[in-house]
Amino acid sequence: MSDYPKPNTLHPIILPDGSPHQGTVFLAAAISHPRMQIGAYTYASAFDPPDDWAARLAPYLFEFSPERLIIGKFCQIADGVQIITASANHRYDGISSYPFAIFGGGPREGRPSMPSPGKDTVIGNDVWIGQGAKILPKARIGDGVIIGAGAVVGGAVPAYSIVAGNPARVVRRRFDAQTIDRLQEIAWWHWPIATILAHEAEICDGDVEALGAVRARRSAQG
């Protein structure tokens with residue numbers, strides 16, 4: 001436990017020569033952005049690590065954007081993932097989608113060519129996003145979701161689903177409904193890291209009852 005990186009560690013992987021692996025970061029340490037909220041131990045990887053991880057991950061989320069990007073704890077984000085937030089949108093409910101207002105001709109605010117502010121994009125805890133996947137504006141991705149490489153994901157994705165394709169569709173649920181409810185009740189991602197590491201086997205194996213027993217003991221201990 002003493003050598004496990006703290007969640008504010010920028011480069012949490014140390015190579016055999018003792019140098020940090022530049023291509024993997026804990027995002028909470030790598031990003032300081034007023035419209036992003038990122039949980040502890042969520043990491044991203046890139047083969048060509050950027051200077052600006054916020055811009056690489058969510059290029060249309062500006063400091064003045066009205067929407068937010070919220071990512072939970074212990075998420076795993078592969079190379080090439082992009083999260084397209086609502087500020088990328090154009091109007092498409094009328095005749096033209098052209099954003100005249102961004103080029104001038106008057107103030108931007110209230111112009112008919114600008115869309116209304118969009119909703120937040122929310123990604124739950126322990127979500128694995130495969131290489132090159134794209135998350136569309138206003139997506140709501142539940143806890144424990146696995147997103148296939150190259151998937152284009154929009155809308156609400158139920159917890160503990162596996163999704164793939166363009167547009168992404170649920171391939172299957174990882175567990176039955178009762179088990180999923182139990183896992184979200186257990187919510188191991190909120191435990192102290194020492195407890196998580198002590199029960200790594202229960203968390204990574206498929207024995208939900210064993211994991212529930214750990215939670216019960218923790219509750220009994222106060």
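The model is predicted, so local features need pLDDT of at least 70 and side-chain atom pairs count only at pLDDT 80 or more, while totals for chains, interfaces and linings use all residues. Residues are numbered from 1 along each chain as its sequence is written, and side-chain values use heavy atoms, with hydrogens and water left out.

Five strands make up an open, parallel sheet, in the order β2-β4-β7-β10-β13. Since β2 (36-38) and β13 (156-157) each have a single partner strand, they stand at the edges, so one side of each has no neighbour in the sheet. Strands here are DSSP runs of E, at least two residues, numbered from the N terminus; two of them pair if DSSP finds at least two bridges between them. β2 and β4 (residues 69-71) are joined in the parallel sense by three bridges, and I38 has I71 in β4 as its bridge partner.

Now for β7 (residues 121-123), where V122 sits along with T121. T121 counts as buried because its relative accessibility is 0%, whereas V122, at 22%, counts as partly exposed. (Buried means under 20% relative accessible area, exposed over 50%, and partly exposed in between, with a 1.4 Å probe and protein chains only.)

The C-alpha atoms of V122 and P137 lie 9.5 Å apart, with the two residues 15 apart along the chain.

Key
Helices (H or I, at least four residues) and strands (E, at least two) are DSSP runs, numbered from the N terminus.
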